[in-house]
Amino acid sequence: MTISEIAKLAGVSTSTVSRVFSHHPNIREDVRNHVFAVARQYGYHPRISSRQKNVIIITPYNSDYPVHSCVDMLLMALTQELPPRGFRLEILPHDNLERLAGIQFCAAVAIGAEPEEFRDWPERFTPPLVLVDRKGERMPPEVYQVRSDETQGMELAINHLHERGCRKIGCIIHGDPGTGNADLRRAAIERALRERGLPANDYLIHFSGPGTERYVDLIGKLLRQNVDALFCPGGNAGIVSLYAFSLYNRRIPDDISLIATEQTFFSEYAVPPQTTVTQDYKAVAAAVADVIEARIDGRRAEPSTVLPYRLIKRESVRMRG
């Protein structure tokens, strides 16, 4: 169908339909919804304008979220990747999404957002949405995923500790069960431990909750289990673990080895420098940009892109006898 046929069926002008599909702010919400409904009824998918180069970056708003680690690094990578490709960026907190109805944009990128919250995206907006750092099942059209391979990342860390002679590994996973990547990480950690004949009991694997308040207590419990290594994926555990070990008079790596999640400007300069697992943020940003460019050009984009983690080996893990 053509845009003029959609306009006739919707009982509006062709210019009105054009403004709706370009997400012009000066269109009443009822008119916008009506035009979208007609387009969906007749299977019409408007082409994204190549002239519209605004990309909305949707960020978490929860103060407990570790914004100074993963989100900050993803934002930095996106700001380095997208502008050189001609895109303009606007940051929008997740609790202010109603503003999208009044903004013209060619794509949106949501960092760390739960996929279930965007199942109605095609019913509200024509530009594509890219979910970053989350896995969703059976997502609707024009909702894409770019994420890192949580199973491979957890495997990297456990395998490195095992190769260095650690035989009783405690783990504290950032977040609560059922949120974010917490369940994916726990399943991957348990599998990696069992495949190497290492204990994978509940008293060795814990969730931290949304903040950092429980880390000191959980690390104390793990030390009482005589763990010889600690793995803390997600959050700001690298900083908190150093504080906790100082309270318990334990030294890294002499008394215990530590792997945390990479935090730019901290992990490398901690004492000792921390071995970390990290997403390839540059590759993630490039994959996001590739999806957006493909859709603007009218090309098909992969619904899901999964990229490998990297292991950065530093001094917080030592060889054990």
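How many of the five residues of β6 are buried? I looked up the burial of β6 and found five of five buried, so this strand is largely enclosed by the rest of the structure. Buried here means under 20% relative accessible area, exposed over 50%, and partly exposed in between, with a 1.4 Å probe and protein chains only.

**Ground rules.** I am working on a predicted model, where local features need pLDDT of at least 70, side-chain atom pairs count only at pLDDT 80 or more, and totals for chains, interfaces and linings use all residues. Residues are numbered from 1 along each chain as its sequence is written, and side-chain values use heavy atoms, with hydrogens and water left out.

**Overall.** I noted ten helices and twelve strands. Both are DSSP runs numbered from the N terminus: helices are H or I with at least four residues, strands E with at least two. The C-alpha trace spans about 75 × 35 × 30 Å along its principal axes. Of the 321 residues, 54% count as buried. I also checked contacts (heavy atoms within 4.5 Å). Among those between residues at least 6 apart in sequence, 69% join residues at least 24 apart.

**β6 and its partners.** I sorted the side chains by direction. Ile 169, Cys 171 and Ile 173 point one way from β6, Gly 170 and Ile 172 point the other way, and all are buried. Next I looked at pairing, which requires at least two DSSP bridges between two strands. β6 pairs in the parallel sense with β8 (residues 229-232) over three bridges. There, Cys 171 stands opposite Phe 231. β6 also pairs in the parallel sense with β7 (residues 205-207), again over three bridges. Ile 173 has Phe 207 as its bridge partner in β7.

β6, α7 and β7 form a right-handed β-α-β unit. Right-handed means that, with the strands pointing away from the viewer, the path from the first strand over the helix to the second runs clockwise.

**His 174.** I found His 174 in the loop between β6 (169-173) and α7 (182-195). His 174 counts as buried, at 15% relative accessibility. Its side chain reaches the backbone oxygen of Pro 210 at 3.2 Å.

**Cysteines.** How many disulfides does the structure hold? I counted zero, taking a disulfide as a pair of cysteine sulfur atoms within 2.5 Å. Cys 166 is buried at 0% relative accessible area. Cys 171 is buried at 0% as well.

**The six-stranded sheet.** I traced an open sheet with parallel pairing and the order β2-β1-β3-β4-β5-β11. β2 (88-93) and β11 (304-307) stand at the edges with a single partner strand each, so one side of each is left without a neighbour in the sheet. The twist averages 20° from one strand to the next. Axes are lines fitted to C-alpha atoms, for helices over the stretch in contact, and angles run from 0 to 180 degrees between N-to-C directions.

I then looked inside this sheet. β4 (residues 129-132) and β5 (residues 143-148) run parallel, joined by four bridges. Leu 131 has Gln 145 as its bridge partner in β5. Helix α10 (residues 281-296) lies across β1 (54-59), β3 (107-111), β4, β5 and β11. Helix α10 runs at about 165° to β5.

Definitions and conventions:
Polar contact = N/O pair within 3.5 Å; in protein donor to acceptor, adjacent residues only side chain to side chain.
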